[in-house]
Amino acid sequence: MTRPQRVQIREVGPRDGFQNEPETIPTDDKVRLINALGRAGLKRIEVASFVRPDVIPQLSDGVEVLSRIDVPDDVRLMVLVPNSKGLDNALKVRDTFHEIAIFVSASETHNKKNVNRTVDETMADNDSMARRIVAEGLHCAAVIATSFGCPFEGKVELERVLDLAERFAESGATEIGFGDTTGMCNPAYASEFFAAAIERLPGVEVTAHFHNTRGQGLANAFAALEAGCASFESSFGELGGCPVPVGSTGNIATEDLVSMFHEMGVETGLDLDLVIDAAREAQQVLGRKLTSHSIVAGPIQWAAGVR
């Protein structure tokens, strides 16, 4: 595959990141941070999840956040729904967003621990939801967690993951994200996996979602890029993680991903300085040091004529 010269990056920190914080972030701060991400040039931002507030209280203000954020008109906002009830609630405010994500874990054990249903039960609901989302004229994205390995079951077969992806596509999903939910992927497998996924899913936007749990997130993103992947998800400040199991740390940092791509000559359409500013602002809001490298080092400053 020819390396893509331009990529799309979806910022997932306002959903995937904020939901994993031990304390609820004030709505005003959420709105301010999302607005900053929009000003940084991000055209795709995941901002809310329609889940029971007693399950994830950190996102219980999602409707208010959606109604108050003020981003450029060309920014597409995504929400996540776990089931048909969540979709019902989301569609009550459908004018506040553009895209809906549905999801499943490729691993039976992780899916059961995460949503208390079998994979088949989840996929039956997903099939119905995808068709409803498409009928509403909304972009339907599907996410497959534990695509590269399960902390409970070990290896997840590539064919199993791609079979689930094909089922999503048949239901109407035009984008499928593959999540390294607990940071078990490696660059060699990322290359093999995305080459196979792109070949198997013609006409579907294939998205890479890597976590940096074991420090291989950027290497995996590079391998996916080399395999032809041009769509990525990341989280400013390296926020995020997975509550199942404990110890699964955040997504690759948006600012680190953008820095790597820019130094490689790959266009993102983002202002790296403004992405870093947003991550530093998040660090202040949370009152703790975040783990991205670019927050500390900043963008590379090349001396005139030296590179």
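Me: Strands here are DSSP runs of E, at least two residues long and numbered from the N terminus. Which strands each supply at least two residues of the lining of the largest cavity?

Reply: In this predicted model, they are β5 (139-145) and β6 (175-180). The lining consists of Arg-10, Ala-141, Ala-142, Val-143, Glu-175, Ile-176, Gly-177, His-209 and Glu-233.

Me: What makes this space a cavity, and what is its volume?

Reply: A cavity is a set of points where a 1.4 Å probe fits but cannot get out. The search of the whole structure finds 1 cavity of 30 Å³ or more. The largest cavity has a volume of about 40 Å³.

Me: How does the lining of the largest cavity divide by class?

Reply: There are 4 nonpolar, 2 polar and 3 charged residues.

Me: Which residues lie nearest the centre of the largest pocket, and which element gives the largest share of its lining?

Reply: Of 46 lining residues, Gln-19, Val-51, Ile-56, Leu-80 and Phe-103 lie nearest the centre. The largest share, 4 residues, comes from α5. Other elements that each supply at least two residues include α1 (13-17), β2 (44-49) and β5. By class the lining has 21 nonpolar, 17 polar and 8 charged residues.

Me: How do you know that Ser-107 caps α5?

Reply: A side-chain oxygen of Ser-107 lies 3.3 Å from the backbone nitrogen of Thr-109. The cut-off for a polar contact between N or O atoms is 3.5 Å, so this pair is within it. The cap is at the N-terminal end of the helix, residues 108-115. After α5 comes Asn-116, with a positive phi near 60 degrees.

Me: How are α6 and α7 oriented to each other, and why?

Reply: Helix α6 (residues 119-135) and helix α7 (residues 158-171) pack at about 30 degrees, with axes 8 Å apart. Angles under 35 degrees count as roughly parallel, so α6 is roughly parallel to α7.

Me: What residues make up the contact of α6 with α7?

Reply: Among them are Met-123, Ala-124 and Asp-127 in α6, and Arg-160, Leu-164 and Phe-168 in α7. The contact has 6 nonpolar, 2 polar and 6 charged residues.

Technical notes: Residues are numbered from 1 along each chain as its sequence is written. This is a predicted model: local features need pLDDT of at least 70, side-chain atom pairs count only at pLDDT 80 or more; totals for chains, interfaces and linings use all residues. Side-chain values use heavy atoms; hydrogens and water are left out. On a 1 Å grid over the protein atoms alone, a cavity is a set of points where a 1.4 Å probe fits but cannot get out, and a pocket is an open set with protein on both sides within 12 Å along at least five of seven lines; lining residues have an atom within 4 Å of a point. Grid points are joined across faces, edges and corners, and a volume is the space filled by probe spheres set on the points. Ala, Val, Leu, Ile, Met, Phe, Trp, Tyr, Cys and Pro count as nonpolar, Asp, Glu, Lys and Arg as charged, and the others, Gly among them, as polar. Axes are lines fitted to C-alpha atoms, for helices over the stretch in contact, and angles run from 0 to 180 degrees between N-to-C directions. Angles under 35 degrees count as roughly parallel, over 145 as roughly antiparallel, 65 to 115 as roughly perpendicular and the rest as oblique. Contact means heavy atoms within 4.5 Å. A polar contact is a pair of N or O atoms within 3.5 Å; within protein, one must be able to donate a hydrogen and the other to accept it, and residues adjacent in sequence count only if both atoms are side-chain atoms.
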